[in-house]
Amino acid sequence: MCHRMIEEGSKRGKAMVEKRQLFMEMRAQNFDVIRLSTYRTACKLRFVQKRCNLHLVDVWNMIEAFRDNGLNTLDHNAEINVSRLETILSSIYYQLNKRLPTTHQINVEQSIGLLLNFMVATYDSESHGKLTVFSMKAMLSTMCGGKIVDKLRYIFSQISDSNGVMMFAKFDQFLREVLKLPTAVFEGPSFGYTEHSVRTCFPQQKKIMLNTFLDVLMADPPPQCLVWLPLMHRLANVENVFHPVECSYCRSESMMGFRYRCQQCHGYQLCQSCFWRGHANGPHSNQHQMKEHSSWKSPAKKLSHAISKSLGCVPIGEPPHPVFPEQAERPPELTHTVVLESPSRLDEEHRLIARYAARLAAEAGNSTQQCPPTDLGFNFDANKQQRQLIAELENKNREILQEIQRLRLEHEQASQPTPEKAQQNPTLLTELRLLRHRKDELERRMSALQESRRELMVQLEGLMRLLKDEEQKQASQSGGSPHSSPSHGAGCSMPMPIRSTSAGSTPTHTPQDCLAGVGGDVLEAFAHGVPRNLRNDLLVAADSITNTMSSLVKELHSVDDVGVEEETNMRNGGDRGTLRVQKH
């Protein structure tokens with residue numbers, strides 16, 4: 001018995017925590033530091049809207065959910081229990097997940113729990129376990145996503161009569177229900193319901209049509225009791241707006257959301273966080289008038305807009321909403337609409353289908369009895385002619401599609417060169433084959449010359465080592481002989497070449513062996529002895545090899561250019577031949 005009481009107490013405590021979870025999270029956001037009650041209320045309700053994922057449900061999807069769950073057939077004062085409300089919310093969120101991509105799915109159970117607890121805490125303060133249909137419609141249509149114009153149009157359809165005139169009693173009931181939202185977020189002293197709320201919106205007793213209703217509630221400023229409603233929509237529109245402007249108080253280099261500019265202090269601007277908290281510095285005071293900006297324009301754009309406005313290119317006064325017809329909109333015919341949403345209502349769905357089928361059968365029987373046989377034959381002939389006409393049109397459409405496909409294939413074949421076109425001119429093919437053969441020969445010759453050049457460079461390196469050894473020997477002999485003059489050794493000295501890795505090795509072959517395979521200029525230089533400048537002769541030999549290589553490369557490039565030109569001519573010739581055949 002004691003354990004059961006403990007379990008029941010823990011369950012009640014857990015349920016209480018779940019009911020208060022949304023309010024605890026809202027308090028953690030510290031919205032109470034916002035100085036102005038209008039912004040404070042709008043921020044709190046925007047937080048509830050986003051936390052319950054209501055901002056993802058458009059107002060038209062919400063209206064469709066009302067219709068699919070059968071709420072349009074119920075009276076506004078009818079009551080629904082919490083289990084029925086949970087079923088309606090489940091259908092709304094499950095339909096939302098069907099519309100969202102797989103990467104942006106929401107937690108349906110958590111959203112249902114948060115919204116259900118918030119609605120019960122707002123509209124069932126006495127814990128009766130029931131809510132009226134009108135209170136649920138007013139709350140969901142106000143807190144869902146979408147344009148404020150569409151929301152107000154739907155609300156007006158619920159509080160107006162068949163002639164499209166607003167009923168003041170219904171509007172008073174709407175204010176009573178919708179102003180429970182600020183009270184639920186602890187802003188009742190500023191925006192709670194009073195008996196004079198209707199008079200603050202419409203002070204004169206007259207016929208209120210749709211356009212007048214929209215003009216009043218969307219005015220700037222709107223009625224005092226509903227001033228938080230358009231502000232909540234503006235907050236949603238500026239959440240991701242970036243302003244590249246420095247805040248004059250916190251010195252932040254950029255702003256997100258709203259931007260506020262003082263109308264008295266030149267160049268004084270505040271971010272929304274500083275303005276909402278009442279921060280001010282320098283000559284600025286909180287008593288100064290501030291202008292709210294929901295976007296940022298560069299000075300060039302401002303100047304161009306001012307010039308266009310002064311020249312009359314931009315309309316000065318634009319209506320805040322489109323003008324709607326004054327006549328009441330005819331409600332859609334929903335007599336034969338079958339509800340398909342709730343799985344728990346399968347029996348009702350089958351009954352509706354059976355009833356609808358029986359009605360159609362009865363209407364078909366009555367029409368058969370009323371129509372004479374001649375009319376039936378005429379209708380049959382007309383239907384037969386229509387079917388024949390549809391079949392002919394489908395055949396023509398099929399033929400046109402086939403012709404388009406054939407022309408597309410012919411165009412693709414004509415634009416791409418094929419080997420058959422190239423084989424039409426054997427002379428060009430022979431010349432192209434000869435040019436390729438010549439190119440291969442020149443490439444082989446170039447590789448042979450490169451190999452010979454490498455061998456020659458090795459031999460030149462050996463010759464330079466021999467020259468260096470000969471100079472060292474002559475220097476040693478001149479230093480050992482007393483009759484030698486110093487100027488003789490200096491005159492035989494030569495510039496040192498670049499040192500290689502094999503310079504220190506001792507040659508084991510004679511100079512005559514090293515001269516094998518060297519050009520005539522080098523042999524002649526060694527035949528005359530050391531006094532001749534052999535370095536210049538070696539450089540001349542290297543230059544001759546380089547010139548030969550460059551001439552060979554030029555010849556290769558010329559062959560390539562001729563080959564490309566021949567291929568181009570061959571393709572052009574093939575295309576001209578194809579065009580000539582098509583002309584004949």
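Is Thr-194 buried, partly exposed or exposed, and what is its relative accessible area? Thr-194 is partly exposed, with a relative accessible area of 42%. This value, like every other here, comes from a predicted model.

**Around Thr-194**

Thr-194 sits in the loop between helix 10 and helix 11, the latter spanning residues 197–201. Leu-179 is 15 residues away from Thr-194 along the chain. The C-alpha atoms of these two residues are 9.5 Å apart.

**The chain as a whole**

The protein chain has 584 residues, and 32% of them are buried. Its secondary structure consists of 23 helices and seven strands. Now take the contacts between residues at least 6 apart in sequence. Of these, 66% join residues at least 24 apart.

**A buried threonine**

Thr-41 is another threonine to look at. It belongs to helix 2, which covers residues 37–51. Its relative accessible area is 0%, so Thr-41 is buried, as the cut-off for buried is under 20%. Which residues does Thr-41 touch, leaving aside neighbours within four places in sequence? They are Pro-182, Glu-187, Phe-191 and Trp-228.

**Rings that pair**

The structure contains 15 aromatic pairs. A pair of aromatic rings is described by two things: the distance of the centres and the angle of the planes.

| Pair | Centre to centre | Angle between planes | Kind |
|---|---|---|---|
| Phe-23 and Phe-118 | 6.0 Å | 35° | tilted |
| Phe-23 and Phe-186 | 6.0 Å | 65° | edge-to-face |

Phe-23 is in helix 1 (residues 2–28), and Phe-118 is in helix 5 (residues 108–123). The pair therefore ties together parts that lie 95 residues apart in sequence. Phe-23 is buried, at 6% relative accessible area. Phe-118 is also buried, with a relative accessibility of 2%.

Why does the pair of Phe-23 and Phe-186 count as edge-to-face? The planes of the two rings stand at 65°, and planes over 60 degrees apart count as edge-to-face. Phe-186 lies in the loop between helix 9 (180–184) and helix 10 (188–191), while Phe-23 lies in helix 1, so this pair joins parts 163 residues apart in sequence. Phe-186 is partly exposed, with a relative accessible area of 38%.

Arg-20 lies over the face of Phe-23, at 4.9 Å from the ring centre. The charged end of Arg-27 sits over the ring of Phe-186, 4.6 Å from its centre.

Elsewhere, ring pairs join several phenylalanines into a cluster. Its members are Phe-156, Phe-168, Phe-171, Phe-174, Phe-202 and Phe-213.

**Two helices side by side**

Helix 3 (residues 59–68) packs against helix 7 (residues 148–159). Their axes are 10 Å apart, at an angle of about 30°.

Which residues make the contact? Helix 3 supplies Val-59, Trp-60, Ile-63 and Phe-66. Helix 7 supplies Asp-150, Lys-151 and Tyr-154. Sorted by type, the residues of this contact are five nonpolar, two charged and no polar.

Technical notes. Residues are numbered from 1 along each chain as its sequence is written. This is a predicted model: local features need pLDDT of at least 70, side-chain atom pairs count only at pLDDT 80 or more; totals for chains, interfaces and linings use all residues. Side-chain values use heavy atoms; hydrogens and water are left out. Rings of Phe, Tyr and Trp (its six-membered ring) pair if their centres lie within 6.5 Å; planes under 30 degrees apart count as stacked, over 60 as edge-to-face and the rest as tilted. Helices (H or I, at least four residues) and strands (E, at least two) are DSSP runs, numbered from the N terminus. Buried means under 20% relative accessible area, exposed over 50%, partly exposed in between (1.4 Å probe, protein chains only). A charge sits over a ring if NZ of Lys or CZ of Arg is within 6 Å of the ring centre and within 35 degrees of the ring normal. Contact means heavy atoms within 4.5 Å. Axes are lines fitted to C-alpha atoms, for helices over the stretch in contact, and angles run from 0 to 180 degrees between N-to-C directions. Ala, Val, Leu, Ile, Met, Phe, Trp, Tyr, Cys and Pro count as nonpolar, Asp, Glu, Lys and Arg as charged, and the others, Gly among them, as polar.
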